[in-house]
Amino acid sequence: MTARNIETAKAFYARLAAGDMTAFFEILSDEVVAVSPGSRRHIPWAGTWAGKEQFGEMMNTLGEAADIELYEIARFVPDGEDGVIV
């Protein structure tokens with residue numbers, strides 16, 4: 001993850017934390033892919049969601065199924081162009 005990518009990821013999560021969903025979706029790439037492990041039988045938002053529309057569906061499903069009180073990012077771990085958010 002380059003320094004620019006880390007700053008983009010931080011901005012992404014800051015917009016989410018602020019509840020600014022319009023700005024949150026503006027920062028997403030059209031090729032966004034979210035992978036949430038598990039079975040949809042047990043976890044409604046599980047699976048692979050590709051593109052902004054499906055990502056929005058996943059976020060709506062998650063919002064309807066879970067009551068999230070706190071979401072904190074401990075750190076961003078770079079690995080070349082990729083990275084992990086812990």
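**Reading a predicted model, feature by feature**

Biologist: Let me start with one residue. Is Val77 buried, exposed or partly exposed?

Modeller: Val77 is partly exposed, because its relative accessible area is 30%. The cut-offs are under 20% for buried and over 50% for exposed. Keep in mind that this is a predicted model.

Biologist: Where does Val77 lie?

Modeller: In strand S3, which covers residues 76-79.

Biologist: How do I compare distance in sequence with distance in space? What separates Val86 and Glu7?

Modeller: Val86 and Glu7 are 79 residues apart along the chain, and their C-alpha atoms are separated by 15 Å. Now take Ile73, in the loop between H3 and S3. Ile73 is partly exposed, at 26% relative accessible area.

Biologist: On to helices. How do I check the length of H1?

Modeller: Helix H1 runs over residues 3-18, so it has 16 residues. At 1.5 Å a residue, it should span 22 Å. Its end C-alpha atoms are 22 Å apart, which agrees.

Biologist: How do I find the faces of a helix? Which residues of H1 are buried?

Modeller: Start with the general idea. An α-helix has 3.6 residues a turn, so residues three or four places apart point the same way. In H1, the buried residues are Ile6, Ala9, Phe12 and Tyr13. Seen down the axis of H1, they fall within an arc of 120°, so they line one face of the helix.

Biologist: And which exposed residues does the face of H1 turned away from its buried side carry?

Modeller: Ala3, Arg4 and Ala18. Arg4 counts as exposed, at 69% relative accessibility. The C-alpha atoms of Arg4 and Ala74 are 18 Å apart, and the pair is 70 residues apart in sequence.

Biologist: What follows H1?

Modeller: Gly19 does, and its phi is positive, near 75°.

Biologist: Now the inside. How many residues has the largest nonpolar core?

Modeller: First, the general idea. In soluble globular proteins, nonpolar side chains tend to be buried together. Here the largest nonpolar core has 13 residues. Phe12, Phe55 and Met58 have the most contacts inside it. H1 and H3 are the elements that give two or more residues to this core. H1 provides the largest share, 4 residues.

Biologist: Last, charges. How many salt bridges are there?

Modeller: Side chains of opposite charge can pair when their charged atoms come close. The count here is 1 salt bridge. Lys52 pairs with Asp30, and their closest N and O atoms are 3.7 Å apart. The cut-off is within 4 Å, so the pair qualifies.

Biologist: Why does this pair tie together parts of the chain?

Modeller: Lys52 lies in helix H3 (residues 51-65), and Asp30 in the loop between helix H2 (21-26) and strand S1 (33-36), so the bridge links parts 22 residues apart in sequence.

Biologist: Is Asp30 buried or exposed?

Modeller: Exposed, with a relative accessible area of 56%. Lys52 is partly exposed, at 29% relative accessibility.

Terms used: Residues numbered from 1 in each chain as written. Predicted model: local features only at pLDDT ≥ 70, side-chain atom pairs only at ≥ 80, totals over all residues. Heavy atoms only, no water. Salt bridge = Lys/Arg side-chain N within 4 Å of Asp/Glu carboxyl O. Buried < 20%, exposed > 50% of the residue type's maximum accessible area, 1.4 Å probe, protein only. Expected span 1.5 Å × (residues − 1). Arc of directions from axis to C-beta. Core = buried A, V, L, I, M, F, W, Y, C linked by side-chain atoms within 4.5 Å.
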